[in-house]
Structure formats: structure tokens, C-alpha cells
Amino acid sequence: MAHVVITGGAGFLGSHLSDAFVARGDRVTVVDNLLSGSLDNIAHLRDNPAFSFVEQDVIDGIDVDGAIDAVLHFASPASPNPGSAKGYLAHPLATLQVGSYGTHNALELAQRHHARFLVASTSEVYGDPLIHPQPETYWGNVNPIGPRSVYDEAKRYAEAVTMAFHRTYGTDVRILRIFNTYGPRMAPDDGRVVSNFITQALRGDPITIYGDGSQTRSFCYVADEVRGILALLDGDLVGPVNIGNDREFTMLELAKLVIELTGADVEICHEALPEDDPTQRCPDLTIARRELGWSPEIHLQEGLELTIPHFRAVLGL
């Protein structure tokens, strides 16, 4: 049994990781300030003796008792939606601080305990990419002073300080770059595109597409993402490593698929494209496939069919 600490573990993805570690016999401590996470995501684990929860802001430090084998740093708002109260545009300074101070504190925790450290970075480090699909060797096209920079640059800094600890202290690190992930436990109001489209369709509201809908994203179902994260953590590769699904869909294709699968009778409306919104986003998965033996398996339609019932239940529809 290993002891794994997950910052941001009450969030959508962090809670699924908690499930995976507990299921394989590890002990999990989740550290979360609940800014964008929810106790509902981990309620089913609270009585499990292998699980514990600490409500704490990692910006201020991390206090966890006992020996630690791995630290996974997932704490951060993640939604780019300008209307989301849980998104990084609503919490710009906290987002920058959790990427800087929070990452530093998580690294110090791992260093003190001689634990393996994994940082959850993002495809946002590629910005509005000029290379497609995006390999890990691409340095990105990021506007460092645009509104999205609070998230983009926080994650780029998190990668930099992770490598600085690795080179300076020999800290055993892994760098993960996550592409759009979706699945059960996403909050209806989290502001990400999959949750937005499903929520709007189920409520009978018009589906909002920013721009003409031709921009693309690649969507990875949460079970596939978790498998990839565990493969990276358990392997010998420092990274960075892209973990996502490399099948692209336009926003218009996604909207039409959600309408079909929900059976909603709704229209699609268009609004202005937000500043610095990427036109294309798709991972090059060569390293993950070759070095980790990992590939995504769940098609978008199947994943949405597994996700929509969650939203129906949460929305009471």
C-alpha cells in the first residue's frame, strides 16, 4: 500500500484518480480548498479507511501526516469560460498563485518525503498552436498578457519549477499535459464546453457556440485519462507527456452530437469568440503510445452516453 497525496482531489478529475488509487489498494489523502472542487465528488470515499480529506489551500502550505510515496498536484481552476464562477478568469490571482506557490509547496512536500511528484499541466501551454497536432517538443504560442495567460503561464511556470526541483535536488518528477477531459462528476456550471453543451441541451436552452464553430478540440473520456495518468506516474518517463484523445471534433460537430444523444429540440446560437481562443487543439500521442503503451479507447459518442445520465441526475431531469 502506497500513500498518495492529491491536491485538488475533490475536483472532477482528482476524484476519479482518488477512486483509482483506492481501488488498487493505495491510501489517499486529498487536499482541496473547494474553490472549484466539491465534497459531493468524494462523498462515497469519506468512510473508507484508506481515504482522508484535508480542507486546505495549497497556496498557504500543505500539512499531511505520515510517510508519503507520491504527490499529485491537480489543484487549480480549469475552466476557460468567461461566465463561469469556478473558472480561472473569475479567479486570476488565485490561479497564478496555485500554479506558482502551490506547485512549490507540493514539490517541497514531495522532496521532504522522498516521494514521486506528478504535476498536472495542460494543453493550454501550447496556446493557439502553430503546429498541429501538438508534440511535447513544441514550445507553444501563448500571449503572456492576455486574459487566458493567468492559466497558461501558471501551468508553464509549474512545469518550469518542477524541472528546477528535478535538476537541483534530484526530485523524482513527472509532467503530465492534459487535453480536454470529460465524464461523470463534471459540474453543470463548471463552464467547460462539454458540460455547457449537455446542460443547455437538457434544459432546453439554445446551445452557445463561440465563433463559427469550426474550431476544434480533442475530448478524452475520464477513464482513459486516468489510465494514462497512472501509466505515467508508475513509469520511468519524466515527460512532459501528452495524455488525451487525438480524434478532433469541431465545436459544431460536438453540439450536434450532444443534441442527438440528449434528444433535445434546441437551436444553436453563436457568440463572439473569446480573446486568444485556440483555433485547433489536438495531442500528438506518439510518446504516450510508444513509451507508456497507452492509447485512448473510448469514442466521444460512447463517452457522452456515459456522461449524460450524470447530468440528468444532477439537474433533476
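This is a predicted model: local features need pLDDT of at least 70, side-chain atom pairs count only at pLDDT 80 or more; totals for chains, interfaces and linings use all residues.
Is Asp 60 buried or exposed? Asp 60 is exposed, because its relative accessible area is 69%, and exposed means over 50%.

Step back to the whole chain. It has eight helices and 13 strands. Its C-alpha atoms fill a box of roughly 55 × 45 × 40 Å along the principal axes. The radius of gyration is 19 Å. A compact globule of 317 residues would have a value near 20 Å, so the chain agrees with that expectation. Of the 317 residues, 57% count as buried.

Now look for empty space inside. Rolling a probe the size of a water molecule over the atoms shows where such space is left. Across the whole structure, the search finds one cavity of 30 Å³ or more. The largest cavity holds about 50 Å³ of space. Its lining consists of His 73, Ala 75, Ser 76, Val 98, Gly 99, Thr 103, Val 119, Ala 120, Lys 155 and Ala 158. The top contributor is α2, with three residues. By class, the lining has five nonpolar, four polar and one charged residues.

Next, an open site. The second largest pocket has a volume of about 220 Å³. It is lined by 15 residues. Nearest its centre lie Asn 81, Pro 188, Gly 191, Asn 196 and Gln 200. Both α4 (193-203) and β8 (207-210) supply at least two lining residues. The largest share comes from α4, which provides six. Sorted by class, the pocket lining divides into three nonpolar, nine polar and three charged residues.

Turn to the aromatic rings. The whole structure contains five aromatic pairs. One of them joins Tyr 126 and Tyr 138. Their ring centres are 6.0 Å apart and their planes meet at 15°, so the pair is stacked. Planes under 30 degrees apart count that way. Both tyrosines lie in the loop between β5 and α3, so the pair ties together parts that are 12 residues apart in sequence. Tyr 126 is buried, with a relative accessible area of 0%. Tyr 138 is also buried, at 12%. The cut-off explains both calls, because buried means under 20%. 

A second pair brings together Tyr 182 and Tyr 221. Here the centres are 5.6 Å apart and the planes stand at 65°, so this pair is edge-to-face. Tyr 182 belongs to strand β7 (residues 181-182) and Tyr 221 to strand β10 (residues 220-221), so the contact ties together parts that are 39 residues apart in sequence. Tyr 182 is buried at 0% relative accessibility, and Tyr 221 is buried at 9%. Tyr 126, Tyr 138 and Phe 179 form one aromatic cluster.

Begin with the peptide bonds. A cis bond joins His 132 and Pro 133, with omega at about -10°. Pro 133 lies in the loop between β5 and α3, the loop that also holds Tyr 126 and Tyr 138. Another cis bond joins Gly 239 and Pro 240, where omega is about 10°. Pro 240 is found in the loop between α5 (222-234) and β11 (241-243).

Then check phi. Leu 34 is not a glycine, yet its phi is positive, at about 65°. It is found in the loop between β2 (27-32) and β3. At 23% relative accessibility, Leu 34 counts as partly exposed. His 114 also has a positive phi, near 55°, and is likewise a residue other than glycine.

Key: Residues are numbered from 1 along each chain as its sequence is written. Side-chain values use heavy atoms; hydrogens and water are left out. On a 1 Å grid over the protein atoms alone, a cavity is a set of points where a 1.4 Å probe fits but cannot get out, and a pocket is an open set with protein on both sides within 12 Å along at least five of seven lines; lining residues have an atom within 4 Å of a point. Grid points are joined across faces, edges and corners, and a volume is the space filled by probe spheres set on the points. Helices (H or I, at least four residues) and strands (E, at least two) are DSSP runs, numbered from the N terminus. Ala, Val, Leu, Ile, Met, Phe, Trp, Tyr, Cys and Pro count as nonpolar, Asp, Glu, Lys and Arg as charged, and the others, Gly among them, as polar. Rings of Phe, Tyr and Trp (its six-membered ring) pair if their centres lie within 6.5 Å; planes under 30 degrees apart count as stacked, over 60 as edge-to-face and the rest as tilted. Buried means under 20% relative accessible area, exposed over 50%, partly exposed in between (1.4 Å probe, protein chains only). The radius of gyration is taken over C-alpha atoms; the globule rule is 2.2 Å times the number of residues to the power 0.38.
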